[in-house]
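Subject: Structure for you to look at

Hello,

Here is the structure I promised to pass on. Please open it first, then read my notes beside it.

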Amino acid sequence: MIRVNLDVVLSERKMTSKELAQRIGITPANLSILKTGKARGIRFETLDKICRALNCQPGDILEYQGG
Amino acid sequence: MKKRLTSWLLTIIQAVVDLEIAIVAVGAFGGLIAAPFTEIGHAFFDYRSGFGLLVQVLDVVLEVGLLVISLLGTRNLLSNINDGQYFVSQNMLAVWQILWSTLLALVLGGLNTVIYHLLHLRDKLGLLTMSGDDFTNGLGFVTVIFLIYLIFRRGVALQQEADEII
């Protein structure tokens, strides 16, 4: 299972979801779907924008949890 | 340029379909009301039996109703595609509407041919009954519409899947 740790990275960067959504050009509703792990997938383009905005690696946002 | 030409063509076709809806609906129902008082009735209907006349009038109402339903579906489809909405559920419903109304019209036309023969009714303008060619062409048209419906159904499912990827 893939876990999305976006909320953790956001709190470390002291950035709100709304601000991130604005920076990467997606709707807050879609960002919320992504944060809660309800999205079917994530585009490389979106991942690239998130990593750029949060100055982090994809591995900081996505984590594999076995079992 | 190509996109603009397509949009222009779709607008023209949509206007023709709108005009056709108005002509069919107003013309047919206006004609039915005017028939007893004018020569229109004699040009269109076989007046030899009262029951036969009732069958013909019911036929006109049903055939026109189905044609208008089919044209409204076509209109919705053209309008959505002209707005850049391709694989949306409204389009799938519009194609479905065209499919069932055309199929029913085809069945009705086939039944008419048999019933008119049995009741010795004359289809004066040949609009309500079908020849072998009409039936074959109609069946071909329904098959194509059914294939388009299947393509739209798959397209809508793929679009929904794509929309879930952020």
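Of the 166 residues in chain B, 15% count as buried. Please keep in mind that this is a predicted model. A residue needs 20 or more other C-beta atoms within 10 Å to be called buried.

**Chain B overall**

Chain B has five helices and zero strands. Read from the N terminus, its elements go α-α-α-α-α. How does its radius of gyration compare with that of a compact globule of 166 residues? The globule would come near 15 Å, but chain B has 19 Å. Along its principal axes, the C-alpha trace of chain B covers about 70 × 30 × 25 Å.

Next, the contacts inside chain B. Take the pairs that are at least 6 residues apart in sequence. Of those contacts, 75% join residues at least 24 apart.

**A helix pair in chain B**

Find helix H3 of chain B, residues 50-82, and helix H4 of chain B, residues 89-118. They pack at an angle of about 160°. Their axes are 8 Å apart. How do the two helices run relative to each other? Angles over 145 degrees count as roughly antiparallel, so H3(B) and H4(B) are roughly antiparallel to each other. Their crossing is left-handed. The contact of H3(B) with H4(B) holds 13 nonpolar residues, 11 polar ones and two charged ones.

Start with B:Glu161. It sits in helix H5 of chain B, residues 132-163. Is B:Glu161 buried or exposed? B:Glu161 has 11 other C-beta atoms within 10 Å, so it is exposed. The cut-off for exposed is 12 or fewer. B:Glu161 and B:Ile148 are 13 residues apart in sequence. In space they are 20 Å apart, C-alpha to C-alpha.

Then go to B:His120. You will find it in the loop between H4 and H5 of chain B. Its phi is positive, about 55°, although B:His120 is not a glycine. Why look at that? Most residues other than glycine have a negative phi. B:His120 counts as exposed, because it has 10 C-beta neighbours inside 10 Å.

**Chain A overall**

Now switch to chain A. It has five helices and two strands. Along the sequence, the pattern is β-α-α-α-α-α-β. Chain A has a radius of gyration of 11 Å, close to the 11 Å that the globule rule gives for 67 residues, so it is as compact as a globular protein of that length. Its C-alpha trace spans about 35 × 20 × 20 Å along the principal axes.

Of the 67 residues of chain A, 10% count as buried. Contacts in chain A can be sorted by sequence distance too. Among those between residues at least 6 apart, 60% join residues at least 24 apart.

**A helix pair in chain A**

Helix H2 of chain A covers residues 17-24, and helix H3 of chain A covers residues 28-35. They pack at an angle of about 110°, with their axes 9 Å apart. H2(A) is therefore roughly perpendicular to H3(A). The crossing of H2(A) past H3(A) is right-handed.

Which residues meet here? From H2(A) come A:Ser17, A:Lys18, A:Leu20 and A:Ala21. From H3(A) come A:Pro28, A:Leu31, A:Ser32 and A:Lys35. By type, the contact of H2(A) with H3(A) has four nonpolar residues, two polar and two charged.

A:Asn55 is in the loop between helix H4 (44-54) and helix H5 (58-61) of chain A. Its phi is near 50°, a positive value in a residue other than glycine. A:Asn55 has 9 other C-beta atoms within 10 Å, so it is exposed.

**Where the chains touch**

Best wishes

Notes:
Residues are numbered from 1 along each chain as its sequence is written. Chains are lettered from A and ligands numbered from 1 in the order in which they are written. This is a predicted model: local features need pLDDT of at least 70, side-chain atom pairs count only at pLDDT 80 or more; totals for chains, interfaces and linings use all residues. Helices (H or I, at least four residues) and strands (E, at least two) are DSSP runs, numbered from the N terminus. The radius of gyration is taken over C-alpha atoms; the globule rule is 2.2 Å times the number of residues to the power 0.38. Two residues are in contact if their C-beta atoms, placed from the backbone, lie within 7 Å. Axes are lines fitted to C-alpha atoms, for helices over the stretch in contact, and angles run from 0 to 180 degrees between N-to-C directions. Angles under 35 degrees count as roughly parallel, over 145 as roughly antiparallel, 65 to 115 as roughly perpendicular and the rest as oblique. A crossing is left-handed if the near helix is turned anticlockwise from the far one by less than a right angle, and right-handed if clockwise. Ala, Val, Leu, Ile, Met, Phe, Trp, Tyr, Cys and Pro count as nonpolar, Asp, Glu, Lys and Arg as charged, and the others, Gly among them, as polar.
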